[in-house]
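Me: I have a structure open and would like to learn how to read it. Could you take me through it feature by feature?

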Amino acid sequence: MIPGFIVAKLRIIRMIAARDILNGRDACWLMDCAADAMLVIGSDGRVLLANPAAERLFGYSLDEFCGLSVEDLMPRRFRAAHGDKRADYAGRPEYRRMGSGLELYGLRKDGGEFATDISISPVENGHVLATIYDVSSRKRLEEEQKRMIHELENVNEELKNFAYVVSHDLKAPLRAIGSLADWIAADQHDRLDAEGQEHLRLLIQRVRRLDALIDGVLRYSRIGRAHEAANAIDLNELAREVIDSLAPPPEVTVSVAADLPTIRAEKTGMQQVLQNLLSNAIRYLDKPEGRIGINCAEQADCWQFSVADNGPGIEPRHFERIFQLFQTLHPRDRVESTGVGLSIVKKIVEQNGGRVWLESSPGQGSTFYFTVPKTYP
Amino acid sequence: MRIKSSPILLIEDDSVDAMTVRRALKELHVANPLEHAENGEEGLAYLQNAAHAPPCLILLDLNMPVMNGIEFLHAIKALPAFKRIPVIALTTSDEQEDKVESFELGVAGYMRKPVEYRQFVEIIRTIDAYWTISESPL
């Protein structure tokens with residue numbers, strides 16, 4: 001707190017400096033130069049002085065201003081309450097900026113309204129200097145911004161639901177196609193030649209594939225729709241559960257590092273990430289003996305997990321593509337895959353505030369890494 | 001089915017899905033007659049018609065026009081004469097909300113329609129086996 005006499009002294013120094021710098025020019029000169037509208041209002045509310053910027057803003061001439069009261073410069077709906085406010089201010093005159101948190105409007109001579117911020121400073125004898133800022137363009141921008149955010153939220157919501165609704169409605173006709181094809185294959189078996197039977201078999205297989213694709217879209221779109229509470233998850237336990245559920249064939253060894261941490265995350269999500277990475281490692285193995293390893297490295301602010309395999313490996317040019325929805329590197333007839341698994345991994349990991357990437361040497365194997373922040377987002 | 005004479009009421013708007021149920025029941029030699037209503041409202045009308053034998057089991061689709069499965073469940077659970085008839089939801093929906101709501105409204109089971117007919121048959125086989133062993137409130 002600066003003592004009062006020092007404040008007074010500083011003001012005097014500033015006034016002297018201002019007089020010297022402005023070469024004795026007075027307040028009228030300042031008001032004429034000001035870019036913002038300024039009015040001096042008398043204690044009875046009459047306009048005593050107006051600067052050229054005020055003429056431009058309100059559309060009144062200087063002469064016309066002098067016949068007006070301050071209430072004439074605001075829309076009718078604010079006038080009644082303003083007299084009281086003016087009296088209230090006269091009781092406690094101080095510099096004040098109006099408008100923050102309030103919706104203030106000015107009224108032009110032509111009847112047009114504009115959004116405004118106003119600051120008021122007491123002069124002498126109950127006179128008040130009011131500076132009126134035209135904020136209509138800022139207000140318009142704010143409105144526009146609000147509208148766009150709202151629109152974006154709607155579009156986003158729609159998008160989230162769209163995938164779900166569409167895939168849901170695709171299922172029913174697909175099921176009908178599947179059933180009908182199945183019945184034709186069964187009922188007309190004797191009337192179909194080998195080629196016809198093969199065509200039906202392919203048809204049914206494609207129905208299954210489309211069904212799996214739709215399920216993939218559903219699974220993908222569900223991430224982020226339904227939020228689960230974050231829990232403490234013992235990764236040792238989770239890894240064991242996932243490996244058991246995948247039941248790897250005997251030629252595949254899955255080794256899990258000792259002492260995986262216990263982390264805070266959504267359990268279903270983490271389970272899905274591990275499951276998808278492991279099932280990929282198992283599915284694409286091309287060696288007589290498969291070795292898959294789950295490891296973890298502690299970083300400053302996150303846990304970095306890895307799933308390494310000795311499979312076929314992936315060329316670096318495919319590193320981006322494989323995380324995109326429906327992208328596979330093998331013809332679907334050779335390895336039945338929807339191309340959804342890694343997109344789901346990426347979406348879950350990123351929604352939990354982590355990152356996913358891979359290192360790979362073609363022919364030798366791949367290592368997929370993902371991080372989980374130590375503090376749950 | 002333990003009760004062999006009463007009909008099974010199928011409430012289903014998709015005609016191929018209805019054919020699927022009919023075919024599976026026939027394949028499994030389930031003797032109960034199958035009554036088919038195309039939406040919840042028709043299902044209620046069937047139940048409330050005194051000339052119709054009350055069903056021993058209701059197979060209920062959820063997504064239907066006019067009156068959907070959840071609305072039908074609300075309606076039937078408010079009717080003392082029908083609220084004890086076991087209802088099994090037979091639906092495409094994998095929505096958690098649908099499952100929760102169905103069980104809150106007292107369904108006896110919630111089956112997702114598989115895309116493959118053979119799996120469909122297995123589901124119907126299981127339903128038939130269960131309701132052959134289980135006592136019925138009717």
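Predicted model: local features only at pLDDT ≥ 70, side-chain atom pairs only at ≥ 80, totals over all residues.

Me: Let's start with the overall make-up. How many helices and strands does chain B have, and in what pattern do they follow along the sequence?

Reply: Chain B has 5 helices and 5 strands. Along the sequence they run β-α-β-α-β-α-β-α-β-α. Of its 138 residues, 36% count as buried. If you take the contacts in chain B with a separation of 6 or more, 72% of them join residues 24 or more positions apart.

Me: And what does chain A come to in helices and strands?

Reply: Chain A comes to 10 helices and 13 strands. It has 377 residues, of which 23% count as buried. For chain A, residues 24 or more positions apart make 59% of the contacts with a separation of 6 or more.

Me: I'd like to look at a helix pair. At what angle do helix 1 and helix 5 of chain B cross?

Reply: Two packed helices are described by the angle between their axes and the distance between the axes. Helix 1 (residues 15-27) and helix 5 (residues 117-133) of chain B cross at roughly 65°, and their axes come within 9 Å. The crossing is right-handed. From helix 1 of chain B, B:T20, B:V21, B:A24, B:L25 and B:E27 meet B:Y117, B:F120, B:V121 and B:I124 of helix 5. That contact has 7 nonpolar, 1 polar and 1 charged residues.

Me: Which residues of helix 5 of chain B are buried, and which are exposed?

Reply: The buried ones are B:Y117, B:F120, B:I124, B:I127 and B:W131. Looking down the axis of helix 5 of chain B, you find its buried residues within an arc of 80°, so they line one face of the helix. On the other side, B:R118, B:T126, B:A129, B:T132 and B:I133 are exposed.

Me: Back in chain A, why is helix 10 described as largely enclosed?

Reply: Count its buried residues: 9 of the 11 in helix 10 (residues 341-351) of chain A are buried, so the rest of the structure largely encloses it. Among them are A:L342, A:I344, A:V345 and also A:K346 and A:K347. The cover over these buried residues includes helix 7, helix 9 (267-283), strand 12 (356-361) and strand 13 (365-373) of chain A. Just after helix 10 of chain A, A:G353 takes a positive phi of about 85°.

Me: Last, a single residue. Where is A:K374 placed, and which residues beyond its sequence neighbours is it in contact with?

Reply: A:K374 sits in the segment after strand 13 of chain A. It counts as partly exposed because it has 14 C-beta neighbours inside 10 Å. Leaving aside neighbours within four places in sequence, A:K374 is in contact with A:D301, A:C302 and A:W303. For a spatial check, A:K374 and A:Q299 are 75 residues apart in sequence, and their C-alpha atoms are 9.1 Å apart.

Methods
Residues numbered from 1 in each chain as written. Chains lettered and ligands numbered in written order. Axes fitted to C-alpha atoms, helices over the stretch in contact; angles between N-to-C directions. Helix = DSSP H or I, 4+ residues; strand = E, 2+ residues; numbered from the N terminus. Left-handed = near helix turned anticlockwise from the far one by under 90°. Contact = placed C-beta atoms within 7 Å. Nonpolar A, V, L, I, M, F, W, Y, C, P; charged D, E, K, R; others polar. Buried ≥ 20, exposed ≤ 12 C-beta atoms within 10 Å, placed from the backbone. Arc of directions from axis to C-beta.
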